[in-house]
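Here is a short briefing to read beside the sequence and the 3D view. Keep both open as you go.

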Amino acid sequence: MTTTQPTSSFRTISPHEVAAQGDSVLLLDVRTPAEFEESHIEGAVLHPLTELDSSEVVRLCTGKQGAVVICRSGGRARQAAERLAGSSLPSLGVMEGGMHAWEQAGLPVIAGRKTISLERQVRIAAGALTFVGAALGYLVHPAWIGLCAFVGAGLVFAGVTDTCGMGLVLARMPWNNRSSSRKGRCCAT
């Protein structure tokens, strides 16, 4: 395993290294239920970042050599690993590049119904709010331009901190939680 996070207590692991570990580690998928339903790694357990419970993850990891956290591109997985870093997990890793990297490596996935990724939903919502703010600022009252400034500030904050408030809100929307009963369950159950 390659360590690329010297200040954290978790490792970054390539998709091929994760695949080679087989069932010896818990594959913890922290995406939304809708994203998980679209495609996931066989044997992965869904536990959305918005509902992350370290004691539950430790319980799920019983009998395993550790846990590898997975998301779409790696950002949410790092956030989850930072939250789990103080728990009593035997080993903790983040899959480098997330499901994007797994799929690009040609590794097998269980495919389901297509959905719009959380990242795309954030871009759509930010663009729509900015457009509406600009239109209302021009047509109704200049104060509406403040909506554009608010969205822009939120995007800057998200870029600097790698934490997206709009993403966290959208992850809780009903269309992203249509299969929330799958939380903490493997794709085979």
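**A loop residue, a strand and the cysteines**

Asp 162 sits in the loop that links helix H7 (145-161) and helix H8 (165-171). Keep in mind that this is a predicted model.

**The loop residue**
- The phi of Asp 162 is near 60°. That is a positive value in a residue other than glycine.
- Most residues other than glycine have a negative phi.
- Is Asp 162 buried, partly exposed or exposed? Asp 162 counts as partly exposed because its relative accessibility is 38%, between the 20% and 50% cut-offs.

- Strand E5 covers residues 67-70. Ala 67 and Val 69 point one way, while Val 68 and Ile 70 point the other way. All four are buried.
- Strand E2 (residues 26-29) runs parallel to E5, and four bridges join them. Asp 29 stands opposite Ile 70 of E5.
- Strand E6 (residues 92-95) also runs parallel to E5, joined by three bridges. Val 94 in E6 is the bridge partner of Val 69.
- From E5, the chain passes through helix H4 (residues 75-84) to reach E6. This β-α-β crossover is right-handed.

**The cysteines**
- How many disulfides does a search of the whole structure find? The search finds zero.
- Cys 61 has 3% relative accessibility, so Cys 61 counts as buried.
- Cys 71 has a relative accessible area of 1%, so Cys 71 is buried too.

Note on methods: Residues are numbered from 1 along each chain as its sequence is written. This is a predicted model: local features need pLDDT of at least 70, side-chain atom pairs count only at pLDDT 80 or more; totals for chains, interfaces and linings use all residues. Side-chain values use heavy atoms; hydrogens and water are left out. Buried means under 20% relative accessible area, exposed over 50%, partly exposed in between (1.4 Å probe, protein chains only). Helices (H or I, at least four residues) and strands (E, at least two) are DSSP runs, numbered from the N terminus. Two strands pair if DSSP finds at least two bridges between them. A crossover is right-handed if, with the strands pointing away from the viewer, the path from the first strand over the helix to the second runs clockwise. A disulfide is a pair of cysteine sulfur atoms within 2.5 Å.
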